[in-house]
Amino acid sequence: MAAALGNLRAVSPSLLVSPPSVTYGENRRAAGFRPRPWGGGACSSGACRAMVQQETFQGPAATYAREMERLSAKESLLLAFKDAGGFQSLVSGKNTEMQKIDVNERIVGLERLNPTLRPTTSPFLEGRWSFEWIAAGSPGSFAARYLFERSPTNLAYLMGLHMLIKDGYSKVTANLKFLDTIESKFLLTTKLSLEGPMRMKEEYVEGFLETPTFSEAAVPEQLKGALGQAAGTLQQLPAPIRDAFTNGLRLPLSGTFQRLFMISYLDEEIMIIRDSAGAPDVLTRLEGIPASVAADPMISEYES
């Protein structure tokens, strides 16, 4: 031990001095690192932002959560229709501005969860639908307006507005009732043409006003005499006029009107249509899922 200490004292003091310190930057340069210039790539204006790539994990849990969100949005929209007074309040113009904006907000919320990628070719499209919300330029609005303009609004009300889509055609039916006794029906037929995965063109083909019908048992006593006189007068008309009135009135509409629309939401229960101005129609299915859809449970999928 003493010999070792003696040898250490014999070492030159210059060899015991600590080596020059090397800075962190020098170590990085020695390893081949170079500083990133300011203002390049993702860094600008003297500040460098961290680039974080977010990953979207798709799996059973995410699919289930999205489906629950969609079902909740559907229920919320249907409740908004009810709170707004339903279809009768809509066609009679009794909705408030608050009710209208509330319904439109919920329509937008449901549209972003559309489960059908190509609604114009989906089997969900065909079937019988009932209008819950109508835009000013839709065939449903045209049919309702046609009847209301020819009827006293204080004596008549629109019972329902339905649409049948099948084989490239749609038939809109408006049912009107007078004095809770006389029923009249107007049918509007349109031709549908495919324009894209979400867009379609609609051309009016024909309108048909059916002869009003009534139940004698439901006619008030004060009206039975007038209706009897009207029936007698009808029988005295010339045969061509009488037959035309009895068989209904047809209105050729080919070449009179056409429009473009897009289907922004479609599933087995609800369809949302927007015209070129963005005004929405909302329809609910009147019958069960079409057989072609029920046979293929994988017909709809979410767009990632």
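## Basis

The model is predicted, so that local features need pLDDT of at least 70 and side-chain atom pairs count only at pLDDT 80 or more, while totals for chains, interfaces and linings use all residues. Residues are numbered from 1 along each chain as its sequence is written, and side-chain values use heavy atoms, with hydrogens and water left out.

## Helix α3

Helix α3 (residues 60-83) has 24 residues, which at 1.5 Å a residue should span 34 Å, in agreement with the 35 Å between its end C-alpha atoms; the expected span is 1.5 Å times one less than the number of residues. Helices (H or I, at least four residues) and strands (E, at least two) are DSSP runs, numbered from the N terminus.

Buried residues (under 20% relative accessible area, 1.4 Å probe, protein chains only) of α3 are Arg70, Ala73, Lys74, Leu77, Ala80 and Phe81. They pack against elements including α5 (97-111), β10 (258-266) and β11, with contact meaning heavy atoms within 4.5 Å.

## Arg274

Arg274, in strand β11 (residues 270-275), counts as buried at 15% relative accessibility. Its side chain forms a polar contact of 2.7 Å with that of Glu111; such a contact is a pair of N or O atoms within 3.5 Å, where within protein one must be able to donate a hydrogen and the other to accept it, and residues adjacent in sequence count only if both atoms are side-chain atoms.

## Thr120

Thr120, in the loop between α5 and β3, is buried, with a relative accessible area of 8%. A polar atom of the Thr120 side chain lies 3.0 Å from the backbone oxygen of Pro197.

Note on methods:
Buried means under 20% relative accessible area, exposed over 50%, partly exposed in between (1.4 Å probe, protein chains only).
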